[in-house]
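Hello,

Here is the structure I promised to pass on. Please open it first, then read my notes below.

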Amino acid sequence: MGIEVNGKTLEVDEEGYLADLSTWEPGVATVMAKAEGQELGDDHWEIINFLREYYEEYQIAPAIRVLTKAIGKKLGKDKGNSKYLYELFPYGPAKQACKYAGLPKPTGCV
Amino acid sequence: MNNGGPFIAKPAHNEPLGYPGELIDGWEDVAVAKLGDLASKYRSLQVFLDSCVKCGACTDKCHYFQGTHDPKNMPVGRQDLLRKVYRRYYTFAGKYFPKLVGAVDMTKEVLDDWYTYYHQCSQCRRCSVFCPYGIDTAEISMAAREIMDTVGLGSKYNNEIIVKAQTIGNNLGLPEPALVDTLGGLEEDLLDDTGLEIKVPVDVHGADVLLVTPSADFFAEPHIDGLMGYAKVFHAAGISWTLSSYASEAANFSMFIGSYANMKKQAERIRKAALELGVKRLVVGECGHAWRVAYSFWNTLAGPFDFLDPNYPVPQHIVEFTHQLHTAGAIKFDKERNDGKVLTFHDSCNVSRASRMGDKPGGQYRLPRDLLRASCNNFVDMPRETIFESTYCCGGGGGLLTDDLMEVRVKGALPRMEALNHVIQENGVTHMAAICAICKTQFAKVLPYYGMGMDQIISLHQVVGDALVLGTPNQ
């Protein structure tokens with residue numbers, strides 16, 4: 001399976017997550033979002049960029065609590081909650097935003 | 001429902017667990033031989049396969065049958081998928097007169113049915129409560145998964161997780177620096193909320209208690225509030241405790257695939273961590289099947305735990321731990337803080353039907369309810385036929401908590417959703433508390449499908465933590 005991004009075919013797994021994290025480019029998020037009927041604005045990119053930075057440092061996606069706190073600090077308390085994140089990513093910040101950001105899917109009882 | 005089963009595990013998920021990477025040539029003979037091996041090794045399995053009289057008592061007792069109306073989801077139908085092969089190869093009548101006794105050859109069609117329907121069983125054991133012979137479908141389902149893994153056909157969700165738990169130490173694959181960072185953030189939140197320096201310690205040598213909890217407690221909602229609840233209890237009681245970054249997982253998914261060899265590896269991590277940290281007690285957080293593994297298997301898999309303090313249960317459930325402190329007067333609750341809620345309690349299957357808690361029969365039902373009643377003024381039970389030993393699975397247990405099985409999960413949640421809806425309508429229930437990470441995630445996901453809110457499921461220790469009387473903050 002694969003997705004077409006800027007003329008290249010990038011491999012994804014059964015659930016649509018990028019197979020090789022290093023092949024990520026911003027176009028990946030745009031293409032994935034489009035396939036799910038979403039347009040990405042600055043608000044979405046704030047989250048996606050944070051996820052990528054966090055992953056770079058810790059090799060895992062952040063807990064929702066960590067994410068909301070970081071967003072709250074950066075964008076104000078009214079945005080530091082999971083309601084705001086679900087508005088941006090209706091399928092769930094962990095699963096949808098991580099996918100767009102090229103991160104592997106969180107596994108376990110989550 | 002014939003959905004073809006969950007995503008199939010890849011070689012990278014199978015080989016580290018000692019299984020072939022993919023379905024092997026000649027798998028039919030290997031599967032039949034493995035079935036014979038398991039039936040001779042585990043007498044219970046053989047008795048379960050031999051003793052069904054088709055009385056029909058189990059037929060409507062499974063939540064997946066109730067949600068899908070598929071006859072292969074009747075417990076007897078599910079058992080028969082394995083039983084008909086067992087009969088063919090391991091009984092006199094089946095060897096010589098297969099058609100007369102419904103015995104069939106091990107074919108690809110049979111294997112496909114196994115893969116589909118043994119992944120529509122959450123191994124919750126509700127059917128066994130109603131079986132006059134006590135036939136345990138969970139054990140049959142575990143055996144079937146073990147046979148499938150042996151021939152290279154495993155489920156991605158389970159096997160990928162088990163590999164992570166054995167290499168990184170938890171199901172999430174949360175490395176130590178991320179764990180430390182996350183816990184540090186929770187300490188900040190606790191300070192903000194209470195004005196107190198409540199710690200969530202990790203790798204502290206010489207602590208009294210090692211808490212082993214599902215890694216979802218570090219990551220998911222509403223689990224994380226439960227973890228903060230445990231931290232408040234330890235703080236209020238003044239008992240030193242620690243988590244371990246090496247054994248940062250209580251869940252043991254190897255039970256779901258019936259693999260004692262893999263289950264042992266994870267249990268041994270916990271023993272090793274307890275010895276290295278020099279703790280005196282082992283306490284297990286809110287996780288249903290983890291408690292079954294801890295209560296029923298740890299001693300044989302990784303025991304004896306004779307280095308721990310014999311004055312306390314080994315292991316001890318966090319509910320038992322908090323209950324004991326409350327009974328002794330070491331902690332106090334201000335119930336009124338939970339006056340905004342009307343609570344009910346979801347008994348998790350592995351706690352209810354595969355273990356106990358406290359020193360009297362039925363403690364696994366009584367202790368969590370005691371704690372809830374002590375920490376809130378409004379508690380109502382759901383209908384009797386849906387709680388205690390007859391509790392319904394959340395619909396996501398037994399290694400089915402994966403997005404590729406979402407339709408089965410939603411349908412399997414039906415009986416619990418009906419029972420919850422009943423007390424919402426009749427008694428104004430606002431929240432359901434649970435003591436299992438799988439249940440919490442599953443409900444947060446499926447409640448909206450039934451017109452309820454994802455935040456109506458909460459951790460028992462959130463309720464406890466909210467009511468707990470803590471010291472006065474230093475100004």
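**Chain A**

From the N terminus on, the elements of chain A run β-β-α-α-α-α-α. That makes five helices and two strands. Keep in mind that this is a predicted model.

How compact is chain A for its length? The globule rule gives 13 Å for 110 residues, and the radius of gyration of chain A is 13 Å, so chain A is as compact as a globular protein of that length. Along the principal axes, its C-alpha atoms fill a box of roughly 40 × 30 × 25 Å.

Next, burial and contacts. Of the 110 residues in chain A, 35% are buried. Take the contacts in chain A with a separation of 6 or more: 44% of them are between residues 24 or more positions apart.

**Chain B**

Chain B has 475 residues. Its secondary structure comes to 21 helices and seven strands. The C-alpha atoms of chain B fill a box of roughly 85 × 50 × 35 Å, again along the principal axes. A compact globule with 475 residues would have a radius of gyration near 23 Å. Chain B has 22 Å, which agrees.

In chain B, 56% of the residues count as buried. Now look at its contacts between residues at least 6 apart in sequence. Of these, 79% join residues at least 24 apart.

**A helix pair in chain B**

Find helix H2 (residues 27-41) of chain B and helix H5 (residues 75-90) of chain B. Two packed helices are described by the angle between their axes and the distance between the axes. Here the axes come within 10 Å and cross at roughly 90 degrees. Angles of 65 to 115 degrees count as roughly perpendicular. H2(B) and H5(B) are therefore roughly perpendicular to each other.

Which residues meet? H2(B) brings Val32(B), Leu35(B), Gly36(B) and Ala39(B). H5(B) brings Val85(B), Tyr86(B), Tyr89(B) and Tyr90(B). By class, this contact has seven nonpolar residues, one polar and no charged ones.

**Where the chains touch**

How many residues does each chain give to the contact? Chain A gives 16 residues and chain B gives 28. On the side of chain A that touches chain B, the largest share comes from helix H3 (residues 64-75) of chain A, with four residues. That side of chain A divides into eight nonpolar, four polar and four charged residues.

Best wishes

Key
Residues numbered from 1 in each chain as written. Chains lettered and ligands numbered in written order. Predicted model: local features only at pLDDT ≥ 70, side-chain atom pairs only at ≥ 80, totals over all residues. Axes fitted to C-alpha atoms, helices over the stretch in contact; angles between N-to-C directions. Parallel < 35°, antiparallel > 145°, perpendicular 65-115°, else oblique. Contact = placed C-beta atoms within 7 Å. Nonpolar A, V, L, I, M, F, W, Y, C, P; charged D, E, K, R; others polar. Rg over C-alpha atoms; globule rule 2.2 N^0.38 Å. Buried ≥ 20, exposed ≤ 12 C-beta atoms within 10 Å, placed from the backbone.
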